[in-house]
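Read this with the model open beside the text. The paragraphs below go from the chain as a whole to its sheets, helices and cores.

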Amino acid sequence: MNRIGIAFDIDGVLIKGKFVLPEGVRAIQRVKAAKVPFVLLTNGGGTTEVNKARELSEKLHTEIKSSQYSNLLVIRKMILSHTPMAHLAKKYSQTETESVLIIGKDSCKKAALEYGFKYPILSGEILAVCPEVWPFKHSVNNYEPTNIDRKVGAILSFHDSEDWGRDIQIVCDLLRTGGDLRHVVEPKHHTHRRRHYIGQQLPIYFSNGDFVWSNNLPLTRFAQGSFLHALEGVYSRLSGGSKLKYTMYGKPHKPTYDFAKHAIDTYAAELYGADALQDSGRLYFGIGDNPESDIEGANRAGWTSVLVKTGVYEGGKHEANLLVDNVEEAMLIPTENRKKIYQQLFQEGVLVAKKDYNLPKHNEVDVPNLHVIKALQSLESRGLVHVQFSWQYYYYFLNDAGIEYLRKFLHLPTEIVPRTHIKTAKAPGVRPGREERPRNERRDGGDGYRRRDDGEKKEGAAGDFRPEFRGGVGRGGPRPAQV
Ligand SMILES: [Mg+2]
């Protein structure tokens, strides 16, 4: 079973504007071939997941699914900024008497309907009932008048507002009336009090808090975060200093990472069976180009953050766990490091790694701790090692098939065996479940291999290997029963 899950950012990681990054194509092909559960996680939106997946599939020349159904579970694979709001559909707009206001372009309503909201409405549909709501611009011909008997239960900002003035007015109207559109559009409901007072809040959700974005112009363009800022200012003035309450989605916010984690887990369950749904040992990777959204979000969620240099990141300080040139490099453990890990494992027959994905170095092998865990997970998935987990440490035990595999990989002769496979007098050893931490010290002080016999010294195997004859008792001690 694959024990990792990946969330790929799209822009700056797989594509860059109109251009496709070839490393991105290869990375996706690689994870698909290795059956790694993954999602595409972007702060973009304003379209449906199906359309975005189709667009990306064409660019990458490989099929990207937006979602699929498995045993009544929806497995979401394309996560746009507003996709996590899908779970709100159960809460709002399910009865004949309730609707939700969607802020964003018309395609956002289509997305809302796909999420299961029964009665999503757009600002234009309110103006189609009563143009005086925003009496400065009348382009309501394309909209059907909404049913004002339905109360608006929540306000969901899916994407950039197309008309800030109109939308700020309508949101404040709904806040002042508790979502009752009749009190917004019917003159008979006039009260002096309501004119100036916001006494009731409706829940408001934003899909993305980015303040600005860039296009080809010299100055930045305002994004959803700026709209929110303007709305907050007007609301504060209108309410006499109250602070607008809202829930924020999108990277780097928690609801989005919770959603992505669940999406990865359901994907794993589809690939590997229901047990994979609750796999507490899974490693989650967030790969992106933006330190403020991708890296910040992955770090906050306790994931391993991987920063690529192919997007907006231009060097300098960053908080990422791994910095790589491109997304394909993130998929790989450098051959040199893999070799070091395998050498150590073969030599000792057992390898211990702390469950800390962000430890810069393993305590015995001079590579990042994460590389050790990943390399050993890969061996475990192929049945070449047995793993035990105790007191925050992984204990990996090489089995016979693993010995054969590593012997070939390291080009070692058959007489060389791991310490744990040498028949010795009783010796103290690693006792999984008891030892709180591995012992660092080495008895022989070298990096030698042990041989089955007590013959003479022979030529080293490969590279800087210095295989030794059995000259002492290894610290492996008695082999665990499972090996
Ligand atoms: Mg990006």
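Two strands pair if DSSP finds at least two bridges between them. Helices (H or I, at least four residues) and strands (E, at least two) are DSSP runs, numbered from the N terminus. The model is a predicted one: local features need pLDDT of at least 70, side-chain atom pairs count only at pLDDT 80 or more, and totals for chains, interfaces and linings use all residues. Residues are numbered from 1 along each chain as its sequence is written.

The protein chain holds 14 helices and 22 strands. Of its 483 residues, 43% count as buried; a residue is buried if 20 or more other C-beta atoms lie within 10 Å of its own, exposed if 12 or fewer, and partly exposed in between, with C-beta atoms placed from the backbone. Two residues are in contact if their C-beta atoms, placed from the backbone in this case too, lie within 7 Å. Among the contacts in the protein chain with a separation of 6 or more, 63% are between residues 24 or more positions apart.

How confident is the predictor? pLDDT is its confidence in each residue, from 0 to 100. The mean pLDDT of the protein chain is 83, and 83% of its residues reach 70 or more. Over residues 425-447 the pLDDT is below 50, and this stretch has 35 contacts in the model beyond near neighbours in sequence. Residues 453-483 also stay under 50, with 62 contacts beyond four places in sequence. Where pLDDT is low, the predicted coordinates should not be read in detail.

Consider next an open sheet of six strands, in the order β7-β4-β1-β15-β16-β17, with parallel pairing. β7 and β17 (322-324) stand at the edges with a single partner strand each, so one side of each has no neighbour in the sheet. Inside the sheet, β15 and β16 run parallel and are joined by four bridges. Gly288 has Leu307 as its bridge partner in β16.

Helix α9 (residues 254-272) packs against part of this sheet. Its buried residues lie against β1 (4-8), β4 (38-41), β6 (73-76), β7 (78-79), β15 (283-288) and α10 (291-300). Among those buried residues are Tyr257, Phe259, Ala260, Ala263 and Ile264. α9 has 19 residues and reaches 26 Å from its first C-alpha to its last, close to the 27 Å expected at 1.5 Å a residue; the expected span of a helix is 1.5 Å times one less than its number of residues. Gly273 follows α9 and has a positive phi, near 100°.

A nonpolar core is a set of buried Ala, Val, Leu, Ile, Met, Phe, Trp, Tyr and Cys residues joined through C-beta atoms within 7 Å. The largest one has 46 residues, and those with the most contacts inside it are Phe8, Val39, Ile79, Ala260 and Ile287. Helix α9 gives the largest share of this core, eight residues. A second, separate core of 43 residues includes Ile103, Ile168, Leu181 and Tyr249. As for Ile79, its contacts are Val39, Leu40, Leu41, Pro84, Phe259, Ala260 and Ala263, not counting residues up to four places away in sequence.

Helix α2 (residues 49-60) buries Glu49, Lys52, Ala53, Leu56 and Leu60. Seen down the axis of α2, these buried residues fall within an arc of 95°, so they line one face of the helix; the arc is that of the directions from the helix axis to the C-beta atoms. After α2 comes His61, whose phi is positive, near 55°.

β18 (residues 350-354) and β20 are antiparallel over five bridges, and Leu351 has Tyr396 as its bridge partner in β20. β19 (residues 385-390) also runs antiparallel to β20, through six bridges, with Phe389 partnered by Tyr394. The hairpin of β19 and β20 has two residues between the strands, and Trp391 takes a positive phi there, near 50°. β20 is mostly covered, with five of its six residues buried.

Helix α13 (residues 369-381) has buried residues that include Leu370, His371, Lys374 and Leu379. What covers the buried residues of α13 includes β18, β19 and β20, along with β16 (304-308), α12 (335-348) and α14 (400-409). α13 is followed by Gly383, whose phi is positive, near 75°.

How values were computed
pLDDT is the predictor's confidence in each residue, from 0 to 100.
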